[in-house]
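Trainee: I would like to learn how to read sheets, interfaces and salt bridges in a model of several chains. Could we go through them one feature at a time?

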Amino acid sequence: MALSKDELKAAILKKAETAPKPQLYIKDFYACDPDAKPREIKNVANDLVKEGKLMFWSSGSTTMYAMKSRIKDEEGTSGVN
Amino acid sequence: MAKHETPLLDELEKGPWPSFVTDIKRQAEKKPECWDILGQLELSYVEKITHWKHGGIVGVFGYGGGIVGRYSDLPKRFPGVEHFHTVRLAQPASKYYSTKHLRDLCDLWEKYGSGMTNMHGSTGDMVMLGCRTEALEPFFYEMTHNLNQDLGGSGSNLRTPANCIGSSRCEWSCYDTEEACHQLTMHYQDEIHRPAFPYKFKFKFSGCPNDCVAAIARSDVAVIGTWRGNIRIDQAAVKEYVAGNIPSNGGAHAGRDWGKFDIQKEVINLCPTNCMWMEGGELKIDDSECTRCMHCLNVMPRALRPGAEQGATICVGAKAPILDGAQFATLIVPFMKVSADNEFEELIEFIEKIWDWWMEEGKNRERCGETMQRLGLPTFIKVMGLDPLPQHIKEPRSNPYVFWQEEEVPGGFDRDVEEFRARHAA
Amino acid sequence: MAYDPANPMVDRISDIGPRYYAEFHPPVIAANKGKWLWHEITQPGVLVHKSETGDECWTVRVGAARLISIELIREMCDIADKHCEGFFRFTTRNNVEFMVDSKAKVQPLLDDLKSRGNKFPVGGTGAGVTNIVHTQGWVHCHTPATDASGVVKAVMDELFDYFTSMTLPAQVRIALACCLNMCGAVHASDIAILGVHRKPPMIDHKRITGVCELPLAISACPLGAVKPAKAMVDGVEVKTVQVNAERCMFCGNCYTMCPAMPLADPDGDGIAILVGGKVSNSRSAPKFSKLVIPFLPNTPPRWPETVAAVKGILEAYAKDAHKYERVGEWAERIGWEKFFEKCDIPFTIKSIDDYRLAYDTWRTTTQFKYTSHIK
């Protein structure tokens with residue numbers, strides 16, 4: 001049984017808050033609802049960015065998600081463009 | 001007045017090729033921070049090492065791509081390049097511009113950035129080099145509001161798609177590359193601006209197998225124009241070529257005396273499938289043997305044209321070498337109609353099928369072609385719901401290690417060893 | 001209305017994409033799209049396209065640096081306003097194309113371009129050397145093993161006559177990437193100039209905890225050379241990584257994922273030369289570029305060793321290849337052993353593959369040519 005959009009949002013936020021490392025790949029959120037398609041999870045995670053609850057943590061080559069409060073420094077990893 | 005001595009860079013003002021050093025100096029007269037580009041670069045020339053720091057997280061709000069952070073590691077010495085972020089702008093298909101749009105962009109970049117650019121970056125974007133963090137949002141605001149212009153992609157996003165010049169100025173283009181590129185770019189704005197994938201994903205659109213945007217070498221989905229049926233031949237023009245009245249290869253070899261044009265040697269003998277011959281003064285082609293390599297069309301553009309039934313070959317999974325070595329894209333769909341009439345529906349459906357699979361199966365920072373290699377082309381063909389074709393391979397496998405499925409073998413895999421031993425002594 | 005920093009989301013516009021290309025077509029292009037019959041290069045850098053309507057589009061192709069200023073773009077705009085009804089375009093190889101709708105307008109355009117010093121060299125067509133596609137180098141990148149713009153300028157100065165003429169057996173595509181990431185996709189070029197590192201990364205134990213996710217750095221290594229480790233920093237034990245230098249192939253992927261593992265070095269870094277790649281499907285299938293010179297030193301400002309190497313390969317090819325033959329097709333026809341001999345490039349063990357799928361490149365036949373390599 002797939003989660004509702006609000007339930008999925010809550011599950012993603014919980015994961016972002018409690019995961020051992022602050023930066024998460026989109027794939028790390030797939031487990032929040034094994035029944036949802038990856039693109040649905042991606043869309044909900046991106047909605048959370050629009051709402052200001054998550055931030056993109058982009059290195060140039062790779063983009064991850066994070067809770068703003070868990071990111072210490074604006075410098076981070078970067079990569080090939 | 002130069003802010004730094006740059007004796008090494010000054011050496012690059014000599015010579016016949018346009019000098020980027022002279023150009024940066026010219027820009028520095030208006031934008032003094034450009035002196036610090038030269039100063040820091042001169043230091044790199046002395047020390048033979050870069051002075052740019054590793055990345056940094058910058059962007060405009062709500063976008064997970066389009067801006068790449070860049071900071072000097074000597075900000076006190078070169079304050080003009082303390083922040084020097086890259087801003088990628090979505091280029092129009094085929095890279096035609098009105099001077100009005102370019103002048104507007106130049107004015108905006110003069111206001112908010114360093115004035116230096118790349119026209120264009122390797123992926124295809126217009127690249128604006130050198131913006132301070134605090135200037136990013138106002139730049140973006142004015143660009144979207146006043147110039148109707150958006151950012152391109154970076155990060156784990158769909159990267160800004162690119163196309164060859166296509167039928168806008170080329171007789172060989174087998175579909176409308178610029179319309180395909182534009183429509184798909186617009187269709188996938190969300191995927192370009194926000195991360196969606198395990199890693200980057202690229203589309204490129206070439207109109208014919210000459211592949212002028214290098215789609216087969218650089219894109220996860222390469223849409224390369226081709227045709228079915230017969231090459232259209234103008235026998236009168238063939239005679240003109242044979243008589244030497246039209247320069248071969250569109251005049252591309254005019255700088256050296258290669259002797260009189262010899263259709264046997266230059267066209268027929270270089271055909272990779274040997275499917276052409278002369279008969280009664282006419283050029284004959286056995287089109288059923290033709291692999292549409294373009295050589296004969298390239299050599300005699302006035303005499304030969306692509307067949308009238310046109311579409312594209314779709315190849316999947318190219319990438320640069322990091323990490324397991326470079327890959328060219330693998331042929332997956334030999335011929336697909338690519339048409340604006342149905343809004344590229346078939347292509348879009350194909351792409352989304354790849355994404356659904358790759359988003360599920362791809363490891364973090366694994367390109368689609370690497371996932372294909374890890375899980376195998378047979379798996380990919382099954383996932384895409386396609387029939388296996390001999391066109392998918394160069395040659396059949398030479399090892400015998402087929403992964404037979406249990407249901408393919410009569411009686412299945414479960415057997416009784418006791419019953420076996422009753423008949424076969426150990 | 002202007003941007004209001006206090007309310008960044010008010011009135012925000014996003015996801016509008018690029019401008020529609022058709023707005024930017026010059027009139028002769030807009031009128032003849034899809035109707036072109038044939039083209040011809042009438043002189044180096046000048047092409048005519050003939051439409052079934054009878055219209056002609058005359059294109060003048062001009063080389064440019066990839067790194068250009070808005071002052072230069074404005075000057076291009078001036079030229080296009082004066083001659084081309086306010087439109088022009090860029091090619092995928094950083095050339096600029098000015099288009100006019102009649103032959104009579106070509107010479108005034110050429111004269112104008114010529115009057116502007118060496119800023120707008122006309123050429124880059126047909127069987128010659130066109131513009132070099134390249135990356136950022138020391139001008140704007142954090143991982144380079146060499147500069148890009150400077151090397152390209154030095155090489156193009158030396159090959160300038162090949163840009164403005166069409167005397168080679170076929171087109172020669174040169175590309176430069178300033179590190180092994182190959183942002184410039186040099187892996188399918190006739191001649192590729194590639195920045196390479198030769199020293200393993202250093203580990204900045206003091207910074208690694210703050211800036212680096214250790215599992216990402218460890219998994220970044222394709223050869224498993226990066227392992228978890230512990231180190232003492234100011235009397236405190238910290239978790240960090242170590243690098244098995246014997247297994248390091250200097251790809252820099254760990255530095256991409258972890259800023260505390262820098263590997264650039266003034267003596268370690270330099271340039272490798274690869275040859276024989278192609279993208280087009282014409283005659284033979286696309287080919288990868290192959291490594292023929294493993295290392296040349298970084299010698300700014302004009303990289304004489306690299307310039308000489310590229311020119312040497314180009315001239316050996318120009319002398320020996322058949323008409324239409326690309327560099328890679330030539331090398332395969334004569335055999336790679338002959339390639340090294342004819343280009344006077346010493347063959348080294350570094351050109352023998354020992355990475356994945358290496359066996360595909362080893363010779364498994366008795367067919368070979370006797371060259372000076374066999375004593």
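Predicted model: local features only at pLDDT ≥ 70, side-chain atom pairs only at ≥ 80, totals over all residues.

Mentor: Residues are numbered from 1 along each chain as its sequence is written, chains are lettered from A and ligands numbered from 1 in the order in which they are written, and side-chain values use heavy atoms, with hydrogens and water left out.

Trainee: What is the order of the strands in the open sheet of five strands?

Mentor: Strands of a sheet pair through backbone hydrogen bonds, either parallel or antiparallel. Helices (H or I, at least four residues) and strands (E, at least two) are DSSP runs numbered from the N terminus, and two strands count as paired if DSSP finds at least two bridges between them. Here the order is S1(B)-S2(B)-S5(B)-S4(B)-S4(C), with antiparallel pairing. Strand S1 (67-68) of chain B and strand S4 (67-69) of chain C stand at the edges with a single partner strand each, so one side of each has no neighbour in the sheet.

Trainee: Which residue of S5(B) is the bridge partner of B:Val87?

Mentor: Strand S2 (residues 86-89) and strand S5 (residues 126-131), both of chain B, run antiparallel and are joined by four bridges, and within S5(B) the partner of B:Val87 is B:Met128. Helix H5 (residues 133-147) of chain B packs on this sheet, touching S1, S2 and S5 of chain B (contact meaning heavy atoms within 4.5 Å). The direction of H5 makes about 15° with that of S2(B), where axes are lines fitted to C-alpha atoms, for helices over the stretch in contact, and angles run from 0 to 180 degrees between N-to-C directions.

Trainee: How many bridges pair S4(B) with S4(C)?

Mentor: The two strands pair in the antiparallel sense over three bridges, with B:Thr117 opposite C:Ile68 in S4(C). Helix H2 (residues 70-83) of chain C lies across strand S4 (113-119) of chain B together with S4 of chain C, at about 75° to S4(C).

Trainee: Which strands make up the open sheet of six strands, and in what order?

Mentor: The order is S3(B)-S5(C)-S6(C)-S3(C)-S2(C)-S1(C), again with antiparallel pairing. At its edges stand strand S3 (96-98) of chain B and strand S1 (36-43) of chain C, each with a single partner strand, so one side of each is left without a neighbour in the sheet. Neighbouring strands of this sheet are turned by 30° against each other on average, direction ignored. Three bridges join S3(B) to strand S5 (residues 87-90) of chain C in the antiparallel sense, and B:Tyr96 has C:Arg89 as its bridge partner in S5(C). H4(B) packs on the sheet by touching S3 of chain B together with S5 of chain C, its direction making about 80° with that of S3(B).

Trainee: How much area do chain B and chain C bury between them?

Mentor: Buried area is the accessible area (1.4 Å probe) that two parts lose on being put together, summed over both. For chain B and chain C this comes to about 11600 Å², 59% of it on carbon and sulfur atoms. In chain B, B:Trp17, B:His54 and B:Arg169 lose the most area to chain C, together 9% of what that side buries. The contact takes 132 residues from chain B and 128 residues from chain C.

Trainee: How many salt bridges does the rule find across the interface of chain B and chain C?

Mentor: Side chains of opposite charge can pair when their charged atoms come close. The rule asks for a side-chain nitrogen of Lys or Arg within 4 Å of a carboxyl oxygen of Asp or Glu, and it finds 13 salt bridges across this interface. One of them joins C:Asp81 to B:Arg103, with the closest N and O atoms 2.6 Å apart. Helix H4 (residues 99-112) of chain B gives the most to the side of chain B that touches chain C, with eight residues.

Trainee: Where in helix H4 of chain B do B:Lys100 and B:Asp104 stand relative to each other?

Mentor: They are four residues apart in that helix, and therefore separated by about one helical turn. B:Lys100 forms a salt bridge with B:Asp104, the closest N and O atoms being 2.6 Å apart. Over all chains, the count by this rule comes to 58 salt bridges.
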